[in-house]
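Please read these notes alongside the sequence and the coordinates.

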Amino acid sequence: MNEQAKSKISVQDLHLYYGQFHALKGITMEIPEHEITALIGPSGCGKSTFLKTLNRMNDLEPNVRIEGSVRLDGADIYQDMDAIELRKRVGMVFQQPNPFPKSIFENVVYGPRINGIRNKAELEEICERSLRQAAIWDELKDRLGKSALGLSGGQQQRLCIARTLAVEPDVILMDEPTSALDPISTGKIEELAMQLKKDYTIVIVTHCSRTRRMSGRSGISREGLVNGSKCSAFASQAARQLAG
Ligand SMILES: Nc1ncnc2c1ncn2[C@@H]1O[C@H](COP(=O)(O)OP(=O)(O)OP(=O)(O)O)[C@@H](O)[C@H]1O
Ligand SMILES: [Mg+2]
């Protein structure tokens, strides 16, 4: 990890309650720009909950209360930012590929269309750029008009990554993006994450040891997230906690 890396997201004393249930307990963490930050830890410890606080997906849930702050490039995302604007800058890829029941082309340009881009040539350009970035252009370029639902799971997930990239976010959140995939597709997504970190800041929830190794930073424990510590340090800490 480059210790000098600029912090893209700064989390300060973040607490999240689902009704009476205290799910995140005082998380403080810096997420550096242009790095992959891996979140690891046992089921139910709050990885998905934490990830969703970074683009305010929890706002959609009833009875959620959040204390503390999350800053993106210094701006408080809960105080100073509109949620729609925020989600343009912080995109999310889910565990299960979730293409829309539309053509491959319409999936990729969905976000840009919502953002008001109407020009066909411009949409085609965005589609090609995004599919290339997601390392799936060659596989799909001759079937852009076909339904996205006809793709394999690995292709669907790369399509969903392309759909996220199409709106040019700064940050990409990935919640176990390879858990539904075979080893070859998993390898492709991992390689893709390595490529993307040049241009994007990536936060990924993963059980996969290889993805953890790709990341300079990780941090989550049974008790909640720990300050972004290096993987090896975390692994021994987690092992102690689990053993204890
Ligand atoms: N919408 C919700 N309402 C109430 N409690 C919830 C809600 N979502 C999650 N929780 C609880 O918050 C805790 C953290 O859940 P979360 O889904 O963040 O865990 P996780 O680390 O992502 O687990 P996994 O590895 O199984 O995906 C769990 O105890 C869970 O039951
Ligand atoms: Mg989860």
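The points below take the conventions first, then the strand, then the ligand.

1. This is a predicted model, in which local features need pLDDT of at least 70 and side-chain atom pairs count only at pLDDT 80 or more, while totals for chains, interfaces and linings use all residues. Residues are numbered from 1 along each chain as its sequence is written, and chains are lettered from A and ligands numbered from 1 in the order in which they are written.

2. Strand β7 (residues 171-175) is largely enclosed by the rest of the structure, because five of its five residues are buried (20 or more other C-beta atoms within 10 Å of a residue's own, with C-beta atoms placed from the backbone). Strands here are DSSP runs of E of at least two residues, and helices are runs of H or I of at least four, numbered from the N terminus.

3. In a regular strand the side chains alternate between the two faces of the sheet. In β7, V171, L173 and D175 point one way and I172 and M174 the other, and all are buried.

4. Strand β6 (residues 90-93) runs parallel to β7 and is joined to it by four bridges (pairing requires at least two DSSP bridges), with V90 partnered by V171. Strand β8 (residues 201-205) also pairs with β7 in the parallel sense, over five bridges, and D175 stands opposite V205.

5. Ligand 1 is surrounded by residues including Y18, F21, K47 and E61 (C-beta atom, placed from the backbone, within 6 Å). The elements giving two or more residues to this shell are β2 (21-32) and α1 (47-53), and α1 gives the most, with three.

Key. Buried ≥ 20, exposed ≤ 12 C-beta atoms within 10 Å, placed from the backbone.
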